[in-house]
Amino acid sequence: LSQTELLIGKNDLAVEGALSNYLGYLLKGQTLKGSLGLTSSYLNLNDFMGGTSTEGNAPEETAAGEKEPSEAEADSTAGASSGAGSVIEVPRNIDFQMTTALKKVLFDQMTLEDIQGKLAVQGGTVDMQGLSLKTMGGTVRLNGSYSTAKSVKQPEMSGAFQLDGLSFSQAYKELNVIRSLAPIFEKLQGNFSGSMNLSMVLDETLSPVTESMNGGGTLSTKDVNLSDIGILKKVATACNRTDLLAQNVKDLDIHFNLVNGKLITEPFTIRLGDKYSLKLEGTTSLDKAIDYTGTIALPGGENSLLSSVNLKIGGTFSSPKISVDTK
């Protein structure tokens with residue numbers, strides 16, 4: 001293939017490279033092998049994410065009066081579309097080695113730009129090797145895989161991610177996993193960096209099955225404002241320190257683990273300006289319940305009777321419950 005160009009709707013693709021065993025693939029369903037270079041200026045993956053759902057519709061009758069198989073019956077084949085019409089199946093009989101240079105890719109609610117790296121497609125699995133891309137105001141580098149080899153309805157995904165300068169608010173808007181496990185991102189103004197290792201099962205809409213998520217990583221930010229965070233407002237009220245809300249966070253570093261969808265944060269310190277220091281550790285559960293304990297150091301000088309306060313934070317991010325021990 002030399003400068004082969006395709007236009008599918010608004011999606012453009014250009015392919016160069018070589019294919020082998022194409023006759024066996026076409027006539028006998030054998031494995032098609034290839035070494036390809038793939039480029040595109042615009043690729044909307046949502047256009048290729050399955051068909052229209054037939055859920056709730058009665059099976060249609062054929063000309064012979066026989067009913068077509070229901071969706072559940074038809075889905076027994078490997079290529080059947082999911083009820084939500086969203087899973088992208090990786091063909092088992094394709095063995096491709098590809099280099100990619102994709103200018104703009106749309107996927108679910110995400111916009112990905114300047115994607116470069118290598119893809120290996122084999123046996124129903126896509127391996128991503130040294131992939132780099134721009135998204136959510138920053139850059140992401142990753143090595144990982146996406147596979148429908150075991151189940152078309154429940155694809156498996158895993159990866160090691162390096163994140164640099166991503167927007168908190170954009171991550172909340174574009175990623176289901178953030179909305180589930182870190183809804184606090186919605187109110188944060190600023191950017192974050194870090195690294196993550198994740199493995200998970202996806203459902204038929206390509207959303208993570210939360211209880212299948214395992215991994216861990218780090219998150220850091222240099223300057224973020226927490227004044228609009230409900231939890232901090234309640235902490236400020238409980239400690240009678242309203243000026244706490246006017247402080248910006250500096251040099252926040254968090255280490256976390258994901259165990260069957262439960263987010264566990266190791267002890268970390270939030271430095272609020274030059275006056276306050278809040279130490280916390282705890283968990284966020286599948287039902288979005290939070291359970292954090294910690295202490296907040298309060299300024300007051302040598303004559304202050306109260307230099308630190310023990311805190312317990314429960315409830316949820318949207319409806320936190322703060323208890324204070326001032327003994």
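Residues are numbered from 1 along each chain as its sequence is written. Because the model is predicted, local features need pLDDT of at least 70 and side-chain atom pairs count only at pLDDT 80 or more, while totals for chains, interfaces and linings use all residues; side-chain values use heavy atoms, with hydrogens and water left out.

**Whole chain**

Start with a cartoon of the chain, which has five helices and 17 strands. Helices (H or I, at least four residues) and strands (E, at least two) are DSSP runs, numbered from the N terminus. The accessible surface comes to about 17,900 Å², and carbon and sulfur atoms hold 51% of that surface. Areas are from the Shrake-Rupley method with a 1.4 Å probe, and for residues only the protein chains shown count as cover. Of the 327 residues, 38% are buried. Here buried means under 20% relative accessible area, exposed over 50%, and partly exposed in between (1.4 Å probe, protein chains only). Among contacts (heavy atoms within 4.5 Å) between residues at least 6 apart in sequence, 50% join residues at least 24 apart.

**Surface patch and helix α1**

Select Leu1, Leu19, Tyr22, Leu23, Leu26 and Leu27. These residues form a nonpolar patch on the surface, with about 660 Å² of accessible area together. Patch members have over 30% relative accessible area and no salt bridge; like charges are joined within 9 Å, and nonpolar side chains (Val, Leu, Ile, Met, Phe, Trp, Tyr) within 5 Å. Helix α1, residues 22–28, contributes the most, with four residues. Leu26 lies in this helix and is exposed, at 61% relative accessible area.

Next, select Asn21, in the loop between β2 (11–20) and α1. Asn21 is not a glycine, yet its phi is positive, at about 65°. Its relative accessibility is 35%, which makes Asn21 partly exposed.

Select Phe185, Phe192, Leu226, Ile270, Leu272 and Ile296. Within the largest nonpolar core, which has 75 residues, these touch the most other members. A nonpolar core is a set of buried Ala, Val, Leu, Ile, Met, Phe, Trp, Tyr and Cys residues joined through side-chain atoms within 4.5 Å. Beyond its neighbours within four places in sequence, Ile296 has contacts that include Val235, Cys239, Leu244 and Leu278.

Move to helix α5, residues 230–238, where Ile231, Leu232, Val235 and Ala236 are buried. Viewed down the axis of α5, the buried residues fall within an arc of 135°, so they line one face of the helix. The arc is taken over the directions from the helix axis to the C-beta atoms. The cover over these buried residues includes β13, β14 (276–284), β15 (290–297), β16 (308–315) and β17 (320–325). After α5 comes Asn240, with a positive phi near 60°.

Select Tyr292 in strand β15. Is Tyr292 buried or exposed? Tyr292 counts as buried, at 10% relative accessibility. Leaving aside neighbours within four places in sequence, its contacts include Thr265, Phe268, Leu280, Thr284 and Leu311.

Thr284, in strand β14, is buried at 1% relative accessibility. Not counting residues up to four places away, Thr284 touches Tyr292, Leu181, Gly261 and Phe317, among others.

**Loop at Asn260**

Select Asn260, in the loop between β12 (248–259) and β13 (262–272). Phi is positive here too, near 50°, in a residue other than glycine. Asn260 is partly exposed, at 46% relative accessible area.

**Salt bridges**

A salt bridge is a side-chain nitrogen of Lys or Arg within 4 Å of a carboxyl oxygen of Asp or Glu. The count comes to seven.

- Asp114 and Lys103: N to O is 3.3 Å. Asp114 is in β6 (110–122) and Lys103 in β5 (94–107), 11 residues apart. Lys103, Asp114 and Lys134 are linked in a network.
- Glu204 and Lys153: N to O is 3.9 Å. Glu204 lies in the loop between β10 (191–201) and β11 (214–225) and Lys153 in the loop between β8 (138–147) and β9 (156–167), so the pair ties together parts 51 residues apart in sequence.
- Lys222 and Asp251: the closest N and O atoms are 3.7 Å apart. Lys222 is in β11 and Asp251 in β12, 29 residues apart. Lys222 is exposed at 64% relative accessibility, and Asp251 is partly exposed at 42%.
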